Amino acid sequence: MIPDVDNDSIVYLNGQYVRLGDAKISVLDRGFIFGDGIYDVVPAYKGKPFRMEGHLARLERSLAAIGIVSDMTRDGWRTLVLDMIARSGLGDCMVYIQVTRGVAKRDHGFPKNIEPTVFCMVSPFERPDADKREKGLSAVGIPDIRWLHCEIKSVSLLGNVLAKQRATEAGVDDVLQFRDGFLSEGSSCNIWVVRDGVLLAPPRDNLILEGIRYGLMEEMAAEAGVGFEARAISEAEVDTADEIMLTSATKEVLPITHYNGKPVGNGVPGPVYVALRAGYDKAIAEL
Ligand code: PDD
């Protein structure tokens, strides 16, 4: 029995549908041995996936980036996601897809004639509650110790895991990571800064995972008449930001109202957050 999950829920593993509690992979799976794999997380509301095509395009980019060749087509991925949501019977849920290079004798080089391991599960989506939306979250700044291909949604997440643990140990919700003095991202989310009414984001490059909400925030800012700029953001600019927020599939968009023990702006969610949050809620309602 795996605690805190529905062991009876049905997962997909290499073409088979099995109970989560019974699903097994080989100890020689390269995902287990080397972290040699990628994943994606697609949110769904009332049984309908949100921005699925963006997630599937990113899944395909991640696979291509690490040279995993899967015979799944875009149609195949789409059918899998829709089928898994339907089988789960859940309304608001998270579809997790993971692909590893597969099972082989332990050897760092890519094995020949290897079948990727494909896994998919659906879990209930505990959406951010009113308290988080209205009071906001807390964060501390830490150095970004991760590798130089953060644009790949790799399952090698040790750097992110250690970052989240830093937050837990500091008694805050998340971290803001800085590489060479410039903002990269949170432990598992993108970070946004507002200065003088303009929404700022770190550039889309190899130092961050471009969230599916990245483009959406840009669209919503335009709709709300908020200026947007993607550029390097220094630690000093974060320290004196008017607003800070984060986005991810699981956190949606949330304000960070306390940073390094101090209030951000007035210590309450700011007007740009309120406008973008309304845009996000509208996008969900229009699904
Ligand atoms: N994380 N940056 C990192 C490092 C992430 O892990 C994530 C998402 C994001 C935001 O991406 P998106 O908006 O597409 O969710 C940014 C997922 C939710 C996870 O690891 O569970």
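Ring pairs join Y45, F50, F125 and Y280 into a cluster, and the structure as a whole holds nine aromatic pairs. The model described here is a predicted one.

**Aromatic rings and the charges over them**

- Among the nine aromatic pairs is the one formed by Y12 and Y17, which is edge-to-face, with 5.5 Å from centre to centre and 70° between the planes.

- Strand β8, made up of residues 174-179, is mostly covered, with six of its six residues buried.
- In a regular strand, side chains alternate between the two faces of the sheet.
- In β8, D174, L176 and F178 point one way while V175, Q177 and R179 point the other way, and all of these residues are buried.
- On the parallel side, strand β7 (residues 137-143) is joined to β8 by five bridges, and G141 has L176 of β8 as its bridge partner.
- β8 and β9 together form a hairpin with two residues between them, and in its turn D180 has a positive phi of about 50°.

**Loop residues with positive phi**

- N113, which lies in the loop between β5 (93-100) and β6 (117-124), has a phi near 50°, a positive value in a residue other than glycine.
- The side of the structure open to solvent includes this residue, because N113 has 82% relative accessibility and therefore counts as exposed.
- D196 is found in the loop between β10 (190-195) and β11 (198-201), and its phi is likewise positive, at about 50°, although D196 is not a glycine.
- With a relative accessibility of 70%, D196 counts as exposed.

**Cysteines**

- The count of disulfides comes to zero, and two cysteines illustrate the distances involved, given that a disulfide requires sulfur atoms within 2.5 Å.
- The cysteine sulfur closest to that of C93 belongs to C120, and because the two are 10.0 Å apart, they are too far from each other for a bond.
- C93 itself counts as buried, at 0% relative accessibility.
- For C150 the closest cysteine sulfur is in C189, and the 13 Å between them is again too far for a bond.
- C150 is buried as well, with a relative accessible area of 6%, which is under the 20% that marks a buried residue.

Terms used
Residues numbered from 1 in each chain as written. Predicted model: local features only at pLDDT ≥ 70, side-chain atom pairs only at ≥ 80, totals over all residues. Heavy atoms only, no water. Helix = DSSP H or I, 4+ residues; strand = E, 2+ residues; numbered from the N terminus. Buried < 20%, exposed > 50% of the residue type's maximum accessible area, 1.4 Å probe, protein only. Pairing = 2+ DSSP bridges. Phe/Tyr/Trp six-rings, centres within 6.5 Å; stacked < 30°, edge-to-face > 60°.
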